[in-house]
Amino acid sequence: MSVAPAGPAREGWGSKTGFIMAAVGSAVGLGNMWRFSYVAAEGGGAAFVILYLIFVAFVGLPLLTSELVVGRMAQVSPVKALEKLAGPRWKPVGVLFAFCGLGILSYYSVIAGWTMRYAVDALRGVLPADAASASDYFGAVGVGTPSIITHLIFMAITITVVTGGIKKGLERTAIILMPMLFVILIGLAVWATTLSGGGAGYAYYLRPQLSELFNPTIITAAAGQAFFSLSLGMGALMTYASYLKGKDSLPKQAVTIAIADFSVAFIAGLFIFPVIFHFGLADTIGLGGQISDNTVGTLFITIPPALLSLAIGKWIVAAFFIMLFFAALTSAISLLEVVVSAVIDTWGWTRIKASVVFGLMIAALGLASAVNLNFLGAMDKLVGTMLLMLGGLLTSILVGYKIRDEAEAEIAEGMTSPGMRSAWIGLMRYVIPPVLLVVMIFSFPGLITAVKALFG
Ligand code: PHE
């Protein structure tokens, strides 16, 4: 299928585990903790979790499988892949993917920078322990020069990893960081069971208010969250799969990635919700109602001061933010890799040049988010929500209509049942496109609000 590119052989993963770890690393990110917890809180707790699961199973998983199929089939970065498989008219879709990578990483890195700052400050013992100062503190380090500095440091780390290449950079980082992340996460969730009054938190989190299941705002939020969290709609996993050589079962890998991603988000909730209820923060962050201003800062403003009132609080806060930092880094490298692999494949640049030049461009774009949280919020709605869904819509049309037979052939080995294959194609053709269109329409007001906040 693949045409050998001129020049040196294309890179590849060192092992199957390495690929899975890196893909899970891409999926598991700030989205699982920072975004999941605030969106779940806005979305009525358990009702949101159920809707989220439905989207993951019927939209996320089939699309994730499709991205892996397209990537492995093409053996080149998405920009080239779509052109190669579906003709020159599809090339702009690949370009859109790269733009999404650029746009998302620009603000993602700002938030990731805060996690580093908070981890270090927790260990230094300088995080304020009272709620009022915590908000001022976030205002001081989250915006402006301090935020620019941590953003630039995080981008420098990301660029360094990506210059190392697939095996020595991305794969090695994921293999080291992902197991540590799991250990910290489980430790935190187990520790949270010792908190008194946490029961109300588990109840809010786990007992659904069924009426909320039909609330369009929550449905939309769950869909957007599923996309962001699974790294869908912008070719991140497509890019990773393009470095796969063997013929392993792609559906199985897609299921592994989705389960790992959901588990992390879910377990993070098992830490965050008991903490919120133990410390009586439910009102502060507006559970059940609307979280008003500055939702992006919720995690940074509310969680640390509460925990710092405990003797071991400092260590818990530090562990939490270190974990977030690990999660963010393994996602950030996948965002940059989409751009870098496109540049390598289309313009023939070296990896180092591509990573540094485009990494710096992203760092420069991110300055806007570092000085203005409304800009960050608007980017998250425009690129991190709307464009990802558009990308998912186009991917479903590509696989469901344009290259259906080739895609079915590519997946056949891992999905031997013809019935399953038809179900998968059927979802791509008839279910996912209309669902995404509706969700995009419902997401529109959120985008408008965010853009208004930017100019208002
Ligand atoms: N999935 C990542 C997270 O949950 C974010 C991400 C989105 C990464 C899209 C790559 C592509 O944080």
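Which helix is Ala189 found in? Ala189 sits in helix α8 (residues 165–192), where helices are DSSP runs of H or I with at least four residues, numbered from the N terminus. Before going on, note that this is a predicted model, with local features needing pLDDT of at least 70, side-chain atom pairs counting only at pLDDT 80 or more, and totals for chains, interfaces and linings using all residues. Residues are numbered from 1 along each chain as its sequence is written, and side-chain values use heavy atoms, leaving out hydrogens and water.

Buried here means under 20% relative accessible area, exposed means over 50%, and partly exposed is in between (1.4 Å probe, protein chains only).

| Residue | Where | Relative accessibility |
|---|---|---|
| Ala189 | helix α8 (165–192) | 10% |
| Ser231 | loop between α10 (216–229) and α11 (236–241) | 11% |
| Gly144 | loop between α6 (131–142) and α7 (145–163) | 19% |

Who do they touch? Contact means heavy atoms within 4.5 Å. Setting aside residues up to four places away in sequence, Ala189 touches Tyr202, Ile267, Leu270 and Phe271. Ala189 and Gly269 are 80 residues apart along the chain, with 8.3 Å between their C-alpha atoms. Ser231, with the neighbours within four places in sequence left out, is in contact with Ser26, Ala27, Ala236 and Leu237. Gly144 touches Ala370 and Val371, again not counting residues up to four places away. From Gly144 to Leu437 it's 293 residues in sequence and 37 Å in space, C-alpha to C-alpha.

**The α5/α16 pair**

Two packed helices are described by the angle between their axes and the distance between the axes. Helix α5 (residues 91–124) packs with α16 at about 145 degrees, the axes being 9 Å apart; axes are lines fitted to C-alpha atoms over the stretch in contact, and angles run from 0 to 180 degrees between N-to-C directions. On the α5 side, the contact residues include Phe97, Gly103, Tyr107 and Trp114. From α16, Met379, Asp380, Gly384 and Gly391 are among those taking part.

**A nonpolar patch**

Ile397, Tyr401, Tyr430 and Val431 make a nonpolar surface patch of about 370 Å². Areas come from the Shrake-Rupley method with a 1.4 Å probe; for residues, only the protein chains shown count as cover. Helices α16 (373–402) and α18 (418–455) each give two or more residues to the patch. Tyr430 lies in α18 and counts as exposed because its relative accessibility is 55%.

Note on methods: Patches are made of residues with over 30% relative accessible area and no salt bridge: like charges are joined within 9 Å, nonpolar side chains (Val, Leu, Ile, Met, Phe, Trp, Tyr) within 5 Å. A salt bridge is a side-chain nitrogen of Lys or Arg within 4 Å of a carboxyl oxygen of Asp or Glu.
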